[in-house]
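Please find below some notes for a first reading of this model. They are set out as numbered points, so that each can be followed with the structure in view.

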Amino acid sequence: MKFTVTALVFVLITLAGAFFTIYLYFRLLGTARRGGDLPRWFYQIGHAIKGRGIEYSEDLLDDCAVKEATYYILAFPLGMVLVVGFRLLQGNHLYESILFALQASFVIAIVIQMLKVVFRLILFLLRHSASDHVYASSKAVWGMGFLASFTLTLTMSIIGLPAKPVHFQLQDKDYTAGLSRGADLLNDGWTLMDTHSKTQRGAGDIIRNERKDHFYYGQAMEVLRDGKSYGVVNLTPPLSDASPLEDCLLTSYTVRPENDGWEEVSIQGRKIAGLRQTDYQEKSLADFFHVESADTKSHVREGTVDVSMQNHDYVLFPRYTIKGSFQADGSPYRYTVYCQHTIWE
């Protein structure tokens with residue numbers, strides 16, 4: 001849980017920086033239109049944004065300062081759009097392109113400042129009309145935006161973007177890893193059998209998460225109907241170490257060919273019973289299972305295929321994985337669907 005709280009703090013700092021930057025811009029714009037002057041603290045922010053050496057910024061507010069501040073405010077989203085568009089032209093998916101642009105926001109902010117300096121130099125050489133003032137007022141807007149872009153890059157490098165959850169189907173019932181609950185299984189008429197004690201469990205039974213694993217949380221339950229086994233789910237208390245079964249989340253699902261319901265199981269709407277490892281050769285696993293994510297990784301190795309979504313630290317957004325294991329002859333040994341989150345570890 002502490003990692004999730006830390007991630008949320010980073011998100012809040014980034015949002016606060018972005019909102020404060022916008023506030024500074026509109027405060028500057030409104031003051032300029034009224035013909036007034038900015039408060040001392042506003043200029044002090046601009047003076048604080050400096051490198052080594054003498055500080056040349058002036059406590060001035062005129063049309064040129066407004067233009068500089070407007071350039072900073074408009075150039076950043078435009079730069080983001082251009083980066084996303086360039087990535088799309090390279091053949092990347094939209095979500096991947098957006099994530100790349102968000103992670104590159106700090107570099108984009110640096111490029112924006114460099115272009116501004118070059119533009120002022122060109123304007124001065126051509127027209128000899130560029131302002132020779134260094135405005136603490138516009139620097140305050142740029143400086144806060146610069147800091148916000150840095151925290152945005154850092155935050156996105158940690159948390160990534162949320163991925164579309166993975167679904168699996170038992171007979172004609174659909175369940176979502178990390179979202180569906182024990183109550184959903186019970187309401188659909190399934191029987192849940194504790195794999196360790198071999199006893200049937202009910203809605204009010206307390207499920208405990210021992211927090212001993214990075215993949216399988218809570219307690220394993222065999223899913224049964226009409227005497228047929230449909231595999232094993234792990235039921236996990238959402239936030240605490242213990243919770244009634246009906247409130248627990250389905251954080252993983254495993255099925256093997258020896259399970260009686262093997263022929264009636266699908267993952268992402270695709271029947272898995274007839275698939276062999278050769279069916280995954282030279283195919284995109286993301287397209288094969290129709291998964292959507294800004295960050296997808298897939299591997300096809302001897303005896304194993306897997307595709308995972310949201311591969312950044314799963315401190316805020318869950319990571320989803322579909323994994324298939326195969327015998328030496330290419331026949332399936334088992335399939336597993338699971339999601340990971342630090343709140344369950």
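1. The model is a predicted one, and in it Val 5 is partly exposed, with a relative accessible area of 42%. Val 5 belongs to a nonpolar patch on the surface, formed together with Met 1, Val 9, Ile 13 and Leu 239, and the accessible area of these residues together is about 440 Å².

2. Setting aside residues up to four places away in sequence, Thr 4 touches Val 315, Leu 316, His 341, Thr 342 and Ile 343. With one of these, Thr 342, there is a polar contact between the two side chains, at 3.2 Å.

3. Further along, Thr 21 is another residue of helix α1, and Thr 21 is buried, with a relative accessible area of 7%. Which backbone atoms does the side chain of Thr 21 reach? The side chain comes to 3.3 Å from the backbone oxygen of Met 144, and to 3.2 Å from the backbone nitrogen of Gly 145. When neighbours within four places in sequence are left aside, the residues in contact with Thr 21 are Ile 73, Val 141, Met 144, Gly 145 and Ala 148.

4. Turning to the strands, the model has an open sheet of four strands in the order β2-β1-β10-β11, and the pairing is antiparallel. The strands β2 (173-176) and β11 (270-271) stand at the edges, and each has a single partner strand, so one side of each is left without a neighbour in the sheet. Strand β1, made of residues 167-170, pairs with β2 in the antiparallel sense over four bridges, and within this part of the sheet Gln 169 stands opposite Asp 174 in β2.

5. The last point concerns a hairpin, formed by β12 and β13 with two residues between them. How many bridges join these strands? Strand β12 (residues 296-301) and strand β13 (residues 304-309) run antiparallel and are joined by six bridges, and His 299 has Asp 306 in β13 as its bridge partner. In the turn, Gly 303 has a positive phi of about 85°.

Terms used. Residues are numbered from 1 along each chain as its sequence is written. This is a predicted model: local features need pLDDT of at least 70, side-chain atom pairs count only at pLDDT 80 or more; totals for chains, interfaces and linings use all residues. Side-chain values use heavy atoms; hydrogens and water are left out. Patches are made of residues with over 30% relative accessible area and no salt bridge: like charges are joined within 9 Å, nonpolar side chains (Val, Leu, Ile, Met, Phe, Trp, Tyr) within 5 Å. Accessible areas come from the Shrake-Rupley method with a 1.4 Å probe; for residues, only the protein chains shown count as cover. A salt bridge is a side-chain nitrogen of Lys or Arg within 4 Å of a carboxyl oxygen of Asp or Glu. Buried means under 20% relative accessible area, exposed over 50%, partly exposed in between (1.4 Å probe, protein chains only). Two strands pair if DSSP finds at least two bridges between them. A polar contact is a pair of N or O atoms within 3.5 Å; within protein, one must be able to donate a hydrogen and the other to accept it, and residues adjacent in sequence count only if both atoms are side-chain atoms. Contact means heavy atoms within 4.5 Å.
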